Amino acid sequence: MTQTRTETDHRGDGRNTGDRLRSAANRMPGAGDTERAQLVTEHGRTRISAGVVSKIAGFAAREIPGVYAMGGGLSRRVGQLKGMVGASQDSRQGVSVEVGERQTAVDLDIVTWYGQSIMDISNAVRSNVMDRVHAMTGLDVTEVNVNVDDVFVEGEDDDRGSGSR
């Protein structure tokens, strides 16, 4: 399920990620389908769903040391409950994407470990997500917005995520 954000970011243009992507997509011939990317060659068309881009971005973000968990408070709690009943963790948790014909934009909600540089972690996440999504899909990643939702302190009486790093 693709999530769509409605809040604006701090670029000063008053537009959210989706508006900027749709604006760019509308300048491209045959654009406008934000649910799937279409890579057209002389031999055929490749369609990439937003769910695929979300999954790649989620895995890429989790590869970075310092990322404790993904998702906002409520989505982490729901993921935790699913884990308790034996369901696997959704790799798209905390990931929201907009996909155009040749471009994509990604929004991430992460939790970092206490004591580590949030800026270093955010920059590493942003770089890795851009590299992985582009390498695997061929889509140009126009932006990766990282929202640090919380800081995990080891020993707190709180199970906020999978704690893989």
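Author: A polar contact is a pair of N or O atoms within 3.5 Å, where, inside a protein, one atom must be able to donate a hydrogen and the other to accept it. Please keep in mind throughout that the model above is predicted.

Reader: With that cut-off in hand, which backbone oxygen does the side chain of Asn 128 reach?

Author: The side chain of Asn 128 comes to 2.8 Å from the backbone oxygen of Ala 60, which places the pair within the 3.5 Å limit. Asn 128 itself lies in helix H4, and, once residues up to four places away in sequence are set aside, Asn 128 touches Ala 60, Glu 63 and Ile 64.

Reader: Is Asn 128 buried or exposed?

Author: Since buried means under 20% relative accessible area, Asn 128, at 15%, is buried.

Reader: Turning to helix H4 as a whole, which of the residues of H4 are buried?

Author: The buried residues are Ile 121, Ser 122, Val 125, Asn 128, Val 129, Val 133 and Thr 137. They lie on the same side of H4, because the arc that they cover around the axis is only 140°. On the other side of H4, the exposed residues are Met 119, Asp 120, Asp 131 and Ala 135. As for its dimensions, H4 has 20 residues and spans 28 Å from the first C-alpha to the last, close to the 28 Å expected at 1.5 Å a residue. Just after H4, Gly 138 adopts a positive phi of about 80°.

Reader: How many salt bridges does a search of the whole structure find?

Author: The criterion is a side-chain nitrogen of Lys or Arg within 4 Å of a carboxyl oxygen of Asp or Glu, and the search finds 2 such salt bridges. One of them joins Glu 63 to Arg 132, with 3.1 Å between the closest N and O atoms. This pair links distant parts of the chain, 69 residues apart, since Glu 63 sits in the loop between helix H2 (50-62) and strand E3 (67-70), and Arg 132 in helix H4 (residues 118-137). Glu 63 is partly exposed, with a relative accessible area of 32%, and Arg 132 is also partly exposed, at 36%.

Reader: And which side chains meet in a salt bridge at 3.6 Å, N to O?

Author: Those are the side chains of Glu 101 and Arg 102. Here Glu 101 counts as buried, at 9% relative accessibility, whereas Arg 102 is partly exposed, at 40%.

Reader: Finally, in what order do the elements of the chain run from the N terminus on?

Author: The chain has 4 helices and 6 strands, and their order from the N terminus is α-β-β-α-β-α-β-β-α-β. Of the 165 residues, 41% count as buried, and the chain exposes about 9100 Å², of which carbon and sulfur atoms supply 49%. When contacts with a separation of 6 or more are considered, residues 24 or more positions apart account for 72% of them.

Technical notes: Residues are numbered from 1 along each chain as its sequence is written. This is a predicted model: local features need pLDDT of at least 70, side-chain atom pairs count only at pLDDT 80 or more; totals for chains, interfaces and linings use all residues. Side-chain values use heavy atoms; hydrogens and water are left out. Helices (H or I, at least four residues) and strands (E, at least two) are DSSP runs, numbered from the N terminus. Buried means under 20% relative accessible area, exposed over 50%, partly exposed in between (1.4 Å probe, protein chains only). Contact means heavy atoms within 4.5 Å. Accessible areas come from the Shrake-Rupley method with a 1.4 Å probe; for residues, only the protein chains shown count as cover. The expected span of a helix is 1.5 Å times one less than its number of residues. The arc is that of the directions from the helix axis to the C-beta atoms.
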